[in-house]
Amino acid sequence: MRIVRLANFVTTHTGGLRTALRNLGEGYQRAGHEAVLIVPGRQRSDQMTAQGRVITLPSAPLPRTGGYRVMAGRAELTRLLDSLEPDR
């Protein structure tokens with residue numbers, strides 16, 4: 001089963017949320033699922049990690065939040081989700 005998770009408010013300094021997302025992804029992978037995580041960031045990247053595939057989409061900074069970014073454009077995200085064909 002391909003499980004795609006979206007996390008819109010994550011930064012490199014988001015300790016608890018990042019840890020929870022990583023642990024979930026690793027658990028899904030161990031259970032035999034294909035885990036995909038989509039997060040906002042400065043630039044596009046697509047990496048295979050222990051928690052599964054992590055896709056970073058270029059996203060706008062959210063002022064006065066200490067580095068948070070938000071995926072505001074739905075068209076690119078919709079195309080990506082359509083191409084991933086998630087089961088969940």
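Predicted model: local features only at pLDDT ≥ 70, side-chain atom pairs only at ≥ 80, totals over all residues.

Q: Is Glu-85 buried or exposed?
A: Glu-85 counts as exposed, because its relative accessibility is 57% and the cut-off for exposed is over 50%.

Q: And what about its phi?
A: Phi of Glu-85 is positive, about 50°, although the residue is not a glycine. Arg-64 also has a positive phi, near 60°, and is likewise a residue other than glycine.

Q: Where is Arg-64?
A: Arg-64 is in the loop between strand S5 (60-61) and strand S6 (69-70).

Q: Buried or exposed there?
A: Arg-64 is exposed, with a relative accessible area of 87%.

Q: OK, zoom out. How many helices and strands?
A: The protein chain has 2 helices and 6 strands.

Q: In what pattern along the sequence?
A: The pattern of the protein chain reads β-α-β-β-β-β-β-α. The radius of gyration is 13 Å, close to the 12 Å from the globule rule for 88 residues, so the chain is as compact as a globular protein of that length.

Q: What box do the C-alpha atoms fill?
A: Roughly 40 × 30 × 20 Å, taken along the principal axes.

Q: How much of the chain counts as buried?
A: Of the 88 residues, 33% count as buried. The protein chain exposes about 5,600 Å². Carbon and sulfur atoms supply 52% of that area.

Q: Which strands are covered, then?
A: Strand S2 (residues 34-41) has 7 of its 8 residues buried, so it is largely enclosed by the rest of the structure. S4 is mostly covered, with 5 of its 7 residues buried.

Q: How do S2 and S4 pair?
A: In the parallel sense, over 6 bridges. Pro-40 stands opposite Leu-57 in S4. Gly-41 has Pro-58 in S4 as its bridge partner.

Q: What else pairs with S2?
A: Strand S1 (residues 2-6) does, in the parallel sense over 5 bridges. Arg-2 stands opposite Glu-34 in S2.

Q: And S3 with S4: parallel or antiparallel?
A: S3 and S4 run antiparallel and are joined by 5 bridges. Met-48 has Arg-53 in S4 as its bridge partner. S3 and S4 form a hairpin with 2 residues between them.

Q: What's in that loop?
A: Gln-51 is found in the loop between strand S3 (45-49) and strand S4 (52-58).

Q: Why does Gln-51 count as buried?
A: Because its relative accessible area is 12%, and buried means under 20%.

Q: Which residues is Gln-51 in contact with, leaving aside neighbours within four places in sequence?
A: Arg-5, Leu-21, Arg-22, Gly-25, Glu-26, Gln-29, Ala-35 and Leu-37.

Q: How about contacts across the whole chain, what share join residues at least 24 apart?
A: 50%, counted among contacts between residues at least 6 apart in sequence.

Q: Last topic, charges. How many positive and negative side chains?
A: The protein chain has 13 positive and 7 negative side chains.

Q: And how far apart are the centres of the two sets?
A: The centres lie 10 Å apart.

Key. Residues numbered from 1 in each chain as written. Heavy atoms only, no water. Helix = DSSP H or I, 4+ residues; strand = E, 2+ residues; numbered from the N terminus. Rg over C-alpha atoms; globule rule 2.2 N^0.38 Å. Buried < 20%, exposed > 50% of the residue type's maximum accessible area, 1.4 Å probe, protein only. Contact = heavy atoms within 4.5 Å. Areas by Shrake-Rupley, 256 points an atom, 1.4 Å probe, with all protein chains shown as cover. Lys, Arg positive; Asp, Glu negative; His and termini not counted. Charge placed at Lys NZ, Arg CZ, Asp CG, Glu CD. Pairing = 2+ DSSP bridges.
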